[in-house]
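Here is a short briefing on one protein model. Look over the sequence and the 3D view before you read on.

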Amino acid sequence: MFHKLEDIEAFRQARELNELAYPILLKMSDRAFRDQMVRSSLSVPSNIAEGYHRMTQGDFIRFLRYARGSAGEFKIQAELAKTHQLIPSNQSDILIEKANFICILIYKLVRSMENK
């Protein structure tokens, strides 16, 4: 297991996603859409942290899967925000790429933990 939460690359990237997304999302005109995206961007690092702090591998893996689901949710929301021109294309592309990267990191982490 990891010595501290910050040692987990997926957690660091998930925090970065939220830090990148938040100022962009504050400018969105559609409040309901914005609020949903803020919730999903908060959910990714929050689920990783919650699973980690439950201190069992089974719980950690379960919450990593929730985090991956939230990253996937955020990714499609960013794609839809781009389609509906709620976020500038260049900004949404960065968010989409970051969310996809997090999905990959979490997948690899879960697989490595399951294979131990």
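**Starting point: Arg34**

Leaving aside neighbours within four places in sequence, Arg34 is in contact with Leu25, Leu26 and Met28. Keep in mind that this is a predicted model. Arg34 sits in helix H2. Is Arg34 buried or exposed? Arg34 counts as buried, because its relative accessibility is 16% and the cut-off for buried is under 20%. The side chains of Arg34 and Asp35 are joined by a polar contact of 3.3 Å.

**The whole chain**

- The protein chain has 4 helices and 0 strands.
- Along the sequence, the pattern reads α-α-α-α.
- The C-alpha atoms fill a box of roughly 45 × 20 × 20 Å along the principal axes.
- A compact globule of 116 residues would have a radius of gyration near 13 Å, and the protein chain, with 14 Å, agrees with that.
- Of the 116 residues, 44% count as buried.
- Take the contacts between residues at least 6 apart in sequence: 73% of them join residues at least 24 apart.

**The nonpolar core**

- The largest nonpolar core has 36 residues.
- Which members touch the most other members? They are Met37, Ile48 and Phe74.
- H4 gives the most, with 10 residues.
- Leaving aside neighbours within four places in sequence, Ile48 is in contact with Leu5, Ala10, Phe11, Ala14, Phe60, Leu64, Ala67 and Ile106.

**Helix H3**

- H3 has 27 residues.
- From its first C-alpha to its last, H3 reaches 39 Å, close to the 39 Å expected at 1.5 Å a residue.
- Gln85 follows H3 and has a positive phi, near 55°.

**Salt bridges**

- How many salt bridges does a search of the whole structure find? The search finds 9.
- Glu9 forms one with Arg12, and their closest N and O atoms are 2.1 Å apart.
- Both Glu9 and Arg12 lie in helix H1, 3 residues apart, about one turn of the helix.
- Glu9 counts as partly exposed, at 30% relative accessibility. Arg12 is partly exposed too, with a relative accessible area of 38%.
- Glu19 pairs with Arg15 in another salt bridge, with the closest N and O atoms 3.6 Å apart.
- Glu19 and Arg15 are 4 residues apart in helix H1, so about one helical turn separates them.
- Arg15 is partly exposed, with a relative accessible area of 41%.
- In H3, Asp59 and Arg62 are 3 residues apart, so they are separated by about one helical turn. Asp59 forms a salt bridge with Arg62, and the closest N and O atoms are 2.4 Å apart.

**The loop between H2 and H3**

- Where is Arg54? Arg54 lies in the loop between H2 and H3.
- Arg54 counts as partly exposed, at 39% relative accessibility.
- Not counting residues up to four places away in sequence, Arg54 touches Asp59 and Phe63.
- Arg54 and Ser40 are 14 residues apart along the chain, and their C-alpha atoms are separated by 21 Å.

Definitions and conventions:
Residues are numbered from 1 along each chain as its sequence is written. This is a predicted model: local features need pLDDT of at least 70, side-chain atom pairs count only at pLDDT 80 or more; totals for chains, interfaces and linings use all residues. Side-chain values use heavy atoms; hydrogens and water are left out. A nonpolar core is a set of buried Ala, Val, Leu, Ile, Met, Phe, Trp, Tyr and Cys residues joined through side-chain atoms within 4.5 Å. Buried means under 20% relative accessible area, exposed over 50%, partly exposed in between (1.4 Å probe, protein chains only). Helices (H or I, at least four residues) and strands (E, at least two) are DSSP runs, numbered from the N terminus. Contact means heavy atoms within 4.5 Å. The expected span of a helix is 1.5 Å times one less than its number of residues. A salt bridge is a side-chain nitrogen of Lys or Arg within 4 Å of a carboxyl oxygen of Asp or Glu. A polar contact is a pair of N or O atoms within 3.5 Å; within protein, one must be able to donate a hydrogen and the other to accept it, and residues adjacent in sequence count only if both atoms are side-chain atoms. The radius of gyration is taken over C-alpha atoms; the globule rule is 2.2 Å times the number of residues to the power 0.38.
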